[in-house]
Amino acid sequence: MEVLEERIRRDGIVREGNILKVDSFLNHQCDTELYEELGAEWARLFAGCPVDKILTIESSGIGLACVAARHFGNVPVVFARKTESLNLDGSQYRTHIVSYTKKREYDVIVAKRFIQKGEHVLIIDDFLAMGCALNGLLEICQDAGAIVEGIGIAIEKGFQPGGQSLRERGYHLESLAIVQSMDPATGAIEFA
């Protein structure tokens with residue numbers, strides 16, 4: 001998606017360790033007009049797929065998922081929580097993930113009443129690198145008996161194995177920008 005690639009080139013910051021900072025428009029400060037364009041593009045790419053719910057993980061995916069949900073008939077958005085809460089009642093789906101950028105491990109939780117057997121789920125998230133968070137969300141959907149219609153990603157790091165692994169496993173994965181390489185010395189970013 002050209003508008004996203006241009007924004008990444010203009011405002012993205014490349015850091016050592018394969019880190020791409022896009023916090024000025026995507027995952028700390030949110031450009032809602034850009035979000036709207038991303039949501040419309042996912043709706044186009046997943047047209048014809050039944051979507052009952054959108055699933056994401058806290059926290060950076062929530063805003064993207066909410067805006068995208070408007071383009072799918074205002075379907076509910078469910079997000080996997082990274083922390084226990086006194087407000088969580090009943091039984092939960094639980095899985096373990098490793099965050100590449102935060103270098104932390106989390107147990108993520110979704111209340112069972114929010115993902116039901118046979119529901120058609122679209123997963124939306126901001127980044128895909130190694131695929132750990134997405135694999136956790138896929139495990140939750142599998143445990144629930146939900147049908148994953150597809151995965152929408154804003155930015156995929158194509159030089160890391162997450163996207164290729166998901167595609168090889170047969171998932172309908174649509175990344176709006178795929179970064180092929182990044183150079184922290186020059187700040188150069190190349191797209192697929």
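Reader: What covers the buried residues of helix H3?

Author: Happy to walk you through this predicted model. The cover over the buried residues of H3 includes helix H2 (32-45) and the strands E3 (53-57), E4 (77-80), E7 (120-128) and E8 (147-157).

Reader: Which residues of H3 are buried?

Author: In helix H3, which spans residues 60-70, they are Gly61, Leu64, Ala65, Val67, Ala68 and Ala69.

Reader: Now to charged pairs. How many salt bridges does a search of the whole structure find?

Author: First the general idea: side chains of opposite charge can pair when their charged atoms come close. Here, the search finds seven salt bridges. Take Arg7 and Asp11, whose closest N and O atoms are 2.6 Å apart. Both belong to helix H1 (residues 2-11) and sit four residues apart, about one turn of the helix. Arg7 and Asp11 are also part of a network of salt bridges with Arg10 and Asp31.

Reader: Is Glu41 buried or exposed?

Author: Glu41 counts as buried because its relative accessibility is 19%, and the cut-off for buried is under 20%. Its salt-bridge partner is Arg44, with the closest N and O atoms 2.7 Å apart. Arg44, at 53% relative accessibility, counts as exposed.

Reader: Which residue forms a salt bridge with Lys53?

Author: That is Glu119, with the closest N and O atoms 3.1 Å apart. This pair links distant parts of the chain: Lys53 is in strand E3, while Glu119 is in the loop between strand E6 (104-111) and E7, 66 residues apart. Lys53 counts as buried at 11% relative accessibility, and Glu119 counts as buried at 15%.

Definitions and conventions
Residues are numbered from 1 along each chain as its sequence is written. This is a predicted model: local features need pLDDT of at least 70, side-chain atom pairs count only at pLDDT 80 or more; totals for chains, interfaces and linings use all residues. Side-chain values use heavy atoms; hydrogens and water are left out. Buried means under 20% relative accessible area, exposed over 50%, partly exposed in between (1.4 Å probe, protein chains only). Helices (H or I, at least four residues) and strands (E, at least two) are DSSP runs, numbered from the N terminus. Contact means heavy atoms within 4.5 Å. A salt bridge is a side-chain nitrogen of Lys or Arg within 4 Å of a carboxyl oxygen of Asp or Glu.
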